[in-house]
Amino acid sequence: MAAAEPPEQRAAAAAARFSDRDRDGGVVPVLPPPPCRQIRGQGLSCEYRLLFGPAEADGVLRRLEREVRYLPDERTKLHVFGKWHSIPRRQAVYGDPELRYTYSGVTFSPEPWIPVLDHIRERVASVTGHNFNFVLINRYKDGLDHIGEHRDDEKELVPRSPIASVSFGACRDFVFRHCESRGKNAKRHIEPVTLQLAHGSLLLMKYPTNVYWYHSLPVRKRVLSPRINLTFRKVMAIDK
DNA sequence: ATGCGGTCAAGTGA
DNA sequence: TTCACTTGACCGCA
């Protein structure tokens, strides 16, 4: 497990988004640029930063726990190796009403946006410059809840669009593994990249991360409290 | 129409 | 406690 290096470049580009020009052409800061850590590897390109301070994140988490409506367990069962399983987490789907989203063979219509989700979505947009029209929410009630290795490569995503992953609650390990270094007869040996996704954090996964890298949230038995993760996406409106 | 590639979670042992 | 590995029916796509 190798933690990725945080190269300190792009400061100027980041600052530019959080500033404006005055009459004489001088740069006037509008907001301080939030510190941002670059996560880089072969085909791996992410940005990690805190999106909410601890107190604000606490408030958002409480509102999420009160207001988010999760899909019933029977709608999210999976057939794996001949057996039906409940997924080891709970899921909710919110977004613009005309959109559809297919996950593991099941198509979902999103619930309409609610204020707490709009608040997070607007914060993400102000920091990243990207507007998202859809969010998949996963709630991991404790360290036994998890998700296996997968890529977010659904075909209804806008090609090359980033995915913004916002986390609240328990800090959990998040593991990236290169597609060619998985399993017994891996073609290559590329070290996994492990991140800790903190309360109030944003991980922006940029193209082509999801082409080459699987990610997972492994079991962590010592974690006893819940984590809620929101992955904001750009979904194409076209569907049959 | 058909064949093929990729997927998911749980259980086991190191 | 964590991790690698094994297990196959089903779906989407060419």
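Reader: How much space lies in the largest pocket?
Author: Start with the idea. Rolling a probe the size of a water molecule over the atoms shows where empty space is left. On a 1 Å grid over the protein atoms alone, a pocket is an open set of points with protein on both sides within 12 Å along at least five of seven lines, and a cavity is a set where a 1.4 Å probe fits but cannot get out. Grid points join across faces, edges and corners, and a volume is the space filled by probe spheres set on the points. Here the largest pocket holds about 230 Å³. It has 16 lining residues, and D152, L157, R160, S161 and N210 are the closest to its centre. Lining residues have an atom within 4 Å of a point.
Author: The model is predicted: local features need pLDDT of at least 70, side-chain atom pairs count only at pLDDT 80 or more, and totals for chains, interfaces and linings use all residues. Residues are numbered from 1 along each chain as written, chains are lettered from A and ligands numbered from 1 in written order, and side-chain values use heavy atoms, without hydrogens and water.

Reader: How many cavities of 30 Å³ or more are there?
Author: The count is two. The largest is lined by 18 residues, with N138, Y140, H150, H215 and N229 nearest its centre. β17 gives the most to this lining, four residues. Strands are DSSP runs (E, at least two residues), numbered from the N terminus.

Reader: Where does UniProt place the feature "binding site"?
Author: The unreviewed entry places it at N138, Y140, H150, H215, R227, T231 and R233. The lining of the largest cavity includes these residues. UniProt positions follow the numbering used here, feature names are shortened, and annotations may be inferred rather than shown by experiment.

Reader: Why does H215 count as buried?
Author: Because its relative accessibility is 4%. Buried means under 20% relative accessible area (1.4 Å probe, protein chains only). H215 sits in strand β16, residues 213-217.

Reader: Which residues are closest to DNA strand B?
Author: Near means a heavy atom within 4 Å. 13 residues surround DNA strand B, and L78, H85, R89, G148 and Y214 are the closest. For a polar side-chain atom of Y214, the distance to a phosphate oxygen is 3.0 Å.

Key: A polar contact is a pair of N or O atoms within 3.5 Å; within protein, one must be able to donate a hydrogen and the other to accept it, and residues adjacent in sequence count only if both atoms are side-chain atoms. Buried means under 20% relative accessible area, exposed over 50%, partly exposed in between (1.4 Å probe, protein chains only).
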